[in-house]
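Here is a note to read beside the model. Keep the sequence and the 3D view open.

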Amino acid sequence: MAKKKTKFICQSCGYESAKWMGRCPGCGEWNQMVEEVAITGTPKRTFMHSETTSVSKPAKLSSVETVQEPRVKTKLKEFNRVLGGGVVPGSLVLIGGDPGIGKSTLLLQVSAQLAANKSRVLYISGEESVKQTKLRAERLAIKEEELFIYSETNLQLIHTAIEQLAPSFVIIDSIQTVYHPEVTSAPGSVSQVRECTAELMRIAKMNGIAIFIVGHVTKEGSIAGPRLLEHMVDTVLYFEGERHHTYRILRAVKNRFGSTNEMGIFEMKEEGLEEVENPSEIFLEERSQGSSGSTVVASMEGTRPVLVEVQALVSPTVFGNPRRMATGIDHNRVTLLMAVLEKRVGLLLQNQDAYLKVAGGVKLDEPAIDLAIAISIASSFRDEPTNPTDCIIGEVGLTGEVRRVSRIEQRVFEAAKLGFTRVILPANNLGGWKVPPGVKTIGVSTVNEALQAVFGK
């Protein structure tokens, strides 16, 4: 007979303690320790089928035969590319995003497209009834015969339904509502999320079923539950975007079967999500001409070059300490680049407020956007507009040098495709590749040279 005792578990990282503490020693978060009932001894497993009688043995790496993983493609090319080329059978995919952003809509559309290929799909909803899911399917004009809907939160009943139906794809919406009947804590707790995800992973690997899991996010934007959840799954996707805008971004931050940091752009319409094949045009279509503080940079999102507009507004401060605010860019990077401009270029920015934004709601975190940020700040400070046909690429060091960036040829070709005639890039990136016709490339070694190339003085 298993004995019961209480323990305190951190809801952020899963740290366990015998007594309550205000601050978790594992992750440093406050007020995250929750009391749960712990069962000591060996609990009886009633429905787990992961134990196998065969025992594996160590094998030579050279003798292991590799098999190319088959992929099942959907009609959404953006979704396929973010996954690395399609859905891999037996994979476990975690999708996180803000409430109301469109996670359920996206997965219901994907389920219908997979069912249209004669694949059996089981959509399990723990947040909606079967009738509510049916209403959403009617709005999206989904009528596939091989798509099955199941409203349940008990993992034991879910496991039984999967064994009886034998689907090729399973969607769990969401993992925070599913509970393990042999774990005494409440649904959504660290123990429940960990145990339910581990069991779903065993089901996926043993039966070759691709399982999609929807995960809630915290107010900081990370997926709720222990960090172990992201380590257990094969792929982690984030569905981002402003609820007041129609564009959504699907971003891969982990992918065992493809490239990470891939990005897919979708537009939310009344009949569902539609993919945006050329996002650069979308991000630049409302760009104003002749305004200071605006530059265009060619950023790499995974394997795709995307042109986005970086905007800066610099104005004299009325406070003792000037404000530094950034949307879509790391705040610390802005502070660093302003220090470089003040020390190496001589711009007096210590008494200036600075506000920076990436147009379109995109988040940029690669080093190649440094030079465009610096040019935007200098343009707004001097109140001099940049050339609307200039594209600026480069990483900036603390000594004011402009460093080489990767995949320069793809960036320049994307700029040429959208009508840009001049590209300012690091001098070390010149040569070794073919410049597209109609584009002039200017190599710069320092920020001073870049400013001279942009403003002509």
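1. A term comes before the details. A polar contact is a pair of N or O atoms within 3.5 Å; within protein, one must be able to donate a hydrogen and the other to accept it, and residues adjacent in sequence count only if both atoms are side-chain atoms. The side chain of T235 makes such a contact with the side chain of N255, at 3.2 Å.

2. What kind of model is this? It is a predicted one: local features need pLDDT of at least 70, side-chain atom pairs count only at pLDDT 80 or more, and totals for chains, interfaces and linings use all residues. Residues are numbered from 1 along each chain as its sequence is written, and side-chain values use heavy atoms, with hydrogens and water left out.

3. Stay with T235. The residue lies in strand 9. Helices (H or I, at least four residues) and strands (E, at least two) are DSSP runs, numbered from the N terminus. Is T235 buried or exposed? T235 is buried, at 2% relative accessible area. Buried means under 20% relative accessible area, exposed over 50%, and partly exposed in between, with a 1.4 Å probe and protein chains only. Leaving aside neighbours within four places in sequence, T235 is in contact (heavy atoms within 4.5 Å) with L83, L92, V93, L94, K254, N255, R256 and F257.

4. Rolling a probe the size of a water molecule over the atoms shows where empty space is left. The search uses a 1 Å grid over the protein atoms alone: a cavity is a set of points where a 1.4 Å probe fits but cannot get out, and a pocket is an open set with protein on both sides within 12 Å along at least five of seven lines. Lining residues have an atom within 4 Å of a point. Grid points are joined across faces, edges and corners, and a volume is the space filled by probe spheres set on the points.

5. How many cavities of 30 Å³ or more are there? The count is 2. T235 and N255 are among its lining residues, together with R71, L83, G86, V87, V88, S91, V93 and F257. That lining divides into 5 nonpolar, 4 polar and 1 charged. Here Ala, Val, Leu, Ile, Met, Phe, Trp, Tyr, Cys and Pro count as nonpolar, Asp, Glu, Lys and Arg as charged, and the others, Gly among them, as polar.

6. The second largest cavity holds about 40 Å³ of space. Its lining is R287, S288, Q289, G290, S291, S294, T386 and P388. By class, this lining has 1 nonpolar, 6 polar and 1 charged residues.

7. Turn to the largest pocket. Its volume is about 1,200 Å³. Its lining takes 43 residues, and I249, G360, G361, V362 and K363 lie nearest its centre. The elements giving two or more residues to this lining include strand 4 (92–97), strand 9 (235–240) and helix 7 (279–284). Strand 10 gives the largest share, 5 residues. By class, the lining has 15 nonpolar, 13 polar and 15 charged residues.

8. An unreviewed UniProt entry places the feature "binding site" at G97, D98, P99, G100, I101, G102, K103 and S104. From this set, G97 and D98 are in the lining of the largest pocket. UniProt positions follow the numbering used here, feature names are shortened, and annotations may be inferred rather than shown by experiment. P99 sits in the loop between strand 4 and helix 2 (103–116). P99 counts as exposed, at 60% relative accessibility. G100 is in the loop between strand 4 and helix 2, and G100 is exposed at 64%.

9. E78 deserves a look. It lies in helix 1 (residues 77–82). E78 is buried, with a relative accessible area of 4%. A polar atom of its side chain lies 3.0 Å from the backbone nitrogen of I265. Beyond four places in sequence, the contacts of E78 include M263, F266, E275 and R304.

10. Finally, the whole protein. The protein has 11 helices and 21 strands. Of its 457 residues, 49% count as buried. The C-alpha trace spans about 80 × 55 × 55 Å along its principal axes.
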